Amino acid sequence: MSIATTIPHWIGGTRTSGVSTRTSPVWNPATGERQADVLLAEPSDVDAAVAAATAAFESWGESSISTRVKVLFAFREIVNRRAGELAALVTDEHGKVLSDAAGEVQRGLEVVEFACSIPTLSKGAYSDQVSTDIDSFTFRQPLGVCAGITPFNFPAMVPMWMFPIAIATGNTFVLKPSERDPSAAMLLAEMWAEAGLPDGVFNVVHGDKVAVDAILDHPDIAAVSFVGSTPIARYVHGRGTANGKRVQALGGAKNHAIVLPDADMEFAAHHLAAAAFGSAGERCMAISAALAVGSAGDHLMELLDAQARAVKVGPGRDAASEMGPIVTPESRDRIVGLIDSGAAQGAQVRVDGRGLVVPGHENGFFVGPTVLDHVTTEMDVYTNEIFGPVLSVLRPGDVDEAIDLINANPYGNGTAVFTNSGGAARRFVRGVKVGMVGVNVPVPVPMAYHSFGGWKDSLFGEHHMHGPEGVEFYTRAKVVTQRWPESGTPSGASLDMPTAR
Ligand code: NAD
């Protein structure tokens with residue numbers, strides 16, 4: 001099998017086809033060309049990656065903090081130096097515009113920088129003299145082999161939410177990236193090798209459900225981090241935890257932004273359009289539902305229409321493009337089908353992105369920005385996560401109705417309020433059942449040193465990703481109680497429950 005056009009796995013520090021023969025197409029969404037195929041792993045390919053990671057854990061898990069930090073700093077420098085290359089790979093396979101891909105790389109890099117502070121982050125706690133001549137301390141140890149299963153929409157950033165912290169804390173890692181845009185993971189593997197990470201500490205296995213199931217059932221994998229759609233997140237969490245693994249599984253989203261009548265409407269419309277149409281709406285933090293409260297509605301709609309029509313749609317490599325194509329023809333058709341259903345079910349299509357043709361890129365998978373007004377909670381465009389450049393507008397009568405509507409939604413990833421009232425914002429922040437909340441900030445993605453995670457059907461498991469919760473997820477605590485009696489000291493041993501003296 002040729003590996004010039006077939007993307008192989010990365011196991012034990014080298015590219016390999018293993019026993020894989022099945023493949024999946026990798027498109028260039030801007031041109032519609034099938035630019036490569038990616039191998040799909042069989043269970044024995046997963047076994048080979050886990051064996052490499054298990055062997056590497058023996059020494060990496062024992063390596064000093066300063067050894068790990070040196071590799072992390074080197075990796076940070078390489079990602080920083082080659083960020084443009086990484087962003088271009090993302091653009092060519094995902095479709096998002098280069099400036100947006102560069103932003104994704106930057107947000108991933110920030111997690112690497114956070115992980116560089118692992119000496120401080122991994123300091124334990126020490127209590128002197130918890131009982132007479134007894135001291136106690138807590139410290140955390142790595143879990144072993146950890147796996148990451150990631151979605152297509154952030155092929156660089158989402159894996160980088162996971163592995164820098166897993167590796168910094170002494171674990172080894174097997175990444176199963178999305179089969180739709182697999183090349184960023186391969187470049188990251190090369191960068192780790194260049195940084196001096198020992199072979200087998202970071203491995204990449206490409207694949208579909210076969211590979212995912214092999215990961216979830218593998219007895220030598222201690223923990224699984226997953227990001228993707230809600231049905232798969234629920235499945236991964238259920239099967240992984242049933243097999244005794246630690247699992248964090250982040251799912252899909254339906255993110256609402258409330259616009260109150262006292263908001264700066266120009267400001268809100270600009271930010272709503274950016275949050276709905278950036279990355280063609282293929283972000284788990286995209287705003288897909290705008291709640292125009294009371295009298296905010298008509299003025300906001302006029303401004304939103306103008307914003308949506310002004311978005312420059314084109315190939316991601318063109319610096320003039322603000323929004324690129326959709327990742328695959330299947331995704332494009334699904335999005336267009338949902339817009340059709342919205343129109344059929346009574347939504348008003350104010351701006352229609354169906355049938356958009358980009359000159360010179362007639363075969364690209366484009367859908368233009370779309371604005372649907374008077375959407376109701378029963379419509380398919382509301383109940384489904386569209387994951388495309390479609391903004392649905394609902395019109396609740398007041399702020400309480402708007403908050404109730406958000407809280408009744410099964411997802412709870414991100415949300416935002418646009419207002420000039422501190423009191424209304426505070427009521428919203430405290431009352432809304434969503435994990436990440438913005439106040440006049442529509443895409444409130446937490447920085448690397450906070451943790452990222454939603455509520456309800458947007459996250460299964462206890463731990464959010466990266467930040468302090470990431471460090472906790474990839475380590476387990478040990479508490480030591482010790483004394484060093486002088487010879488001849490009376491033992492004072494008793495059959496009673498030990499209590500402090
Ligand atoms: P997806 O669920 O289709 O795929 C995610 C991963 O699961 C991929 O690696 C894929 O190969 C694997 N997978 C797909 N089908 C599977 C199956 N039947 N069994 C086992 N594994 C399977 O998601 P996607 O389309 O790649 O990404 C978009 C989704 O991810 C959206 O729902 C989006 O909201 C969500 N997402 C969530 C977050 C978050 O932080 N909550 C971040 C990014 C994306």
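Analyst: A polar contact here is a pair of N or O atoms within 3.5 Å. By that rule, a polar backbone atom of Thr150 is 2.8 Å from a ligand oxygen atom. Ser229 uses a polar side-chain atom, 2.6 Å from an oxygen atom of the ligand. At Gly251, a polar backbone atom lies 2.7 Å from a ligand nitrogen atom. The protein covers 89% of the 850 Å² of accessible area (Shrake-Rupley, 1.4 Å probe) that the ligand has on its own.

This is a predicted model: local features need pLDDT of at least 70, side-chain atom pairs need 80 or more, and totals for chains, interfaces and linings use all residues. Residues are numbered from 1 along each chain, and side-chain values use heavy atoms, without hydrogens or water.

The shell holds 28 residues (a heavy atom within 4 Å of the ligand). Lys176, Glu179, Ser229, Gly251 and Glu385 come nearest. The shell divides into 14 nonpolar, 9 polar (Gly counts here) and 5 charged residues (Asp, Glu, Lys, Arg). Domain 1 (6-251 + 458-479) and domain 2 (255-439), with bounds from an automatic or database assignment, both contribute to the shell, so the ligand lies between them.

Conventions:
A polar contact is a pair of N or O atoms within 3.5 Å; within protein, one must be able to donate a hydrogen and the other to accept it, and residues adjacent in sequence count only if both atoms are side-chain atoms.
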